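Okay, thanks for making time, everyone. Have a look at this one with me.

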Amino acid sequence: MTETGEKNLALGVLVVDDEANIRKTVSYCLSDQGHRVVAVGNAADALEQARRRSFDLAFVDLRLGAENGMALIPALLADSPWVKIVVITAHASIESVVEAVKLGAADYLAKPFTPDQLRLVAGRMGQLRRMESELAALQADARGRGPEARLQSRSAGMQRLIETARKAADSEAIVLLCGESGTGKSVFAKAIHRWSPRAAKPMGVVACPAMPADLLESELFGHAKGAFTGAVRDNPGRIAACEGGTLFLDEIGDMAPTVQAKLLRFIQDKEYERLGESKARKADVRIVAATNADLEGRVADGRFREDLFYRLNVICLTIPPLRQRPEDIMPLAADFLAHFCRANHKAISGFSPRAEQALIGHAWPGNVRQLRNAIERAVILGGGALVDLADLPGDIAPDIGAPAIGDRAPLALIEELHIRGVLANTASLQEAAEVLGIDQATLWRRRKAYGV
Ligand SMILES: Nc1ncnc2c1ncn2[C@@H]1O[C@H](COP(=O)(O)OP(=O)(O)OP(=O)(O)O)[C@@H](O)[C@H]1O
């Protein structure tokens with residue numbers, strides 16, 4: 001345990017030293033603390049190992065026989081920008097340490113060092129990695145600009161689901177989250193990561209429909225420099241970046257067949273290859289996937305691999321739509337109101353009885369996302385002490401009517417209403433995208449943003 005009482009984070013550690021004795025001591029000392037250690041004697045082996053696995057921390061001797069360890073610093077960072085490099089040096093001259101730091105090293109250790117000094121540095125680097133992961137998660141949440149999702153519910157079915165998710169989080173099992181768009185599948189995925197023993201390691205999110213198949217493949221598995229036009233540098237990919245953590249694959253039903261095959265192999269063997277490389281790499285990443293599509297239907301009509309479906313469908317949690325848990329509408333609305341009032345410096349204390357009735361009576365086809373958007377808009381547009389009917393969108397309070405072109409209304413409102421209208425009058429998303437003159441990935445992002 002650390003001084004703060006936190007459990008030590010198990011790190012992937014690479015040791016690069018030409019002295020067998022140092023390799024042995026460092027490996028023994030850090031493995032004993034629960035870290036996964038790989039020790040090598042030269043730069044080429046170090047790079048080879050870094051290509052195969054993702055490391056959190058690397059101890060690099062500045063003198064590797066005839067080689068200079070300094071050159072290894074940028075090479076390791078190019079492959080894994082998150083790795084913390086500690087240089088080991090018998091001649092700790094200020095100049096060499098400064099040069100190493102300039103090249104991206106995080107710390108240094110002067111030879112000879114004691115096991116305690118080694119553990120201290122590893123502990124510090126572990127804390128740094130943990131803080132970076134937490135910061136990245138906070139930044140992602142802040143970008144979502146949502147209130148903290150507390151995952152509480154007044155509905156008995158939802159409470160049981162939350163309990164099951166907590167139990168599933170403890171295991172290594174793949175979790176498949178099903179449910180209509182906007183029900184909170186991403187919220188559950190984040191909670192599962194937070195509740196899991198992997199919480200201190202990174203969580204990555206990849207939205208499958210947001211990019212074409214080849215881009216998705218490179219996003220997930222990475223690519224080597226020159227693998228395709230525009231691949232000007234190596235990209236380690238999300239799987240490598242999530243080593244030890246969780247990867248959330250959103251809307252997996254839309255994953256292209258080529259990517260499905262690669263994902264299946266990764267799930268089965270924990271092995272994958274970067275685009276443009278034939279070398280097999282390993283990674284320890286837990287998969288959580290979500291879908292709002294009928295995956296079994298997609299298996300039946302050949303659009304989704306049956307073998308992948310069975311691999312994913314180990315623990316399936318189906319999140320009920322908001323209309324099936326109306327007791328959650330007002331508590332969620334109150335949370336959203338408080339959040340958006342703070343964010344917009346407004347003082348709206350609650351909902352008028354008419355507004356509350358409209359909120360509870362609405363079917364919420366866009367679920368919690370739609371409710372959140374409705375409250376955000378009510379806060380931005382409303383000026384009274386309470387949210388009233390007039391502050392709610394037209395489809396929730398139909399007598400209010402939609403704004404006409406040229407009315408005093410935000411552009412986003414016109415865009416949302418237009419997208420809703422076109423979607424209602426077209427037979428497929430593809431047709432709707434064509435009518436709107438945007439590609440399907442853009443339409444997908446807009447639908448998400450507006451809770452459509
Ligand atoms: N329990 C909750 N508490 C607070 N906010 C919630 C809750 N559930 C969902 N939300 C909010 O609703 C919005 C939609 O949630 P989320 O993205 O998790 O839905 P989803 O089911 O993953 O949607 P999609 O299928 O479109 O990806 C987000 O802004 C999220 O923060």
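I'll start with an annotated site and then move on to a sheet and the cores.

Quick housekeeping: this is a predicted model, where local features need pLDDT of at least 70, side-chain atom pairs count only at pLDDT 80 or more, and totals for chains, interfaces and linings use all residues. Numbering runs from 1 along each chain as its sequence is written.

Asp61 sits in strand E3, residues 57-61 (strands are DSSP runs of at least two residues, helices H or I runs of at least four, numbered from the N terminus). Buried or exposed? Asp61 is buried, because 23 other C-beta atoms lie within 10 Å; the cut-off for buried is 20 or more, with 12 or fewer being exposed and anything in between partly exposed, using C-beta atoms placed from the backbone. Beyond four places in sequence, Asp61 touches Val16, Asp17, Asp18, Gly69 and Ile88, contact being C-beta atoms, placed from the backbone, within 7 Å.

Now the sheet. Five strands run E9-E10-E13-E8-E14, open and parallel, where pairing takes at least two DSSP bridges. E9 (203-207) and E14 (315-318) are the edges. E8 and E13 pair over four bridges, with Val175 partnered by Val288.

Val288 also turns up in the largest nonpolar core, 42 residues, among the members touching the most others, as does Leu177. A core here means buried Ala, Val, Leu, Ile, Met, Phe, Trp, Tyr and Cys joined through C-beta atoms within 7 Å.

How values were computed: Two residues are in contact if their C-beta atoms, placed from the backbone, lie within 7 Å.
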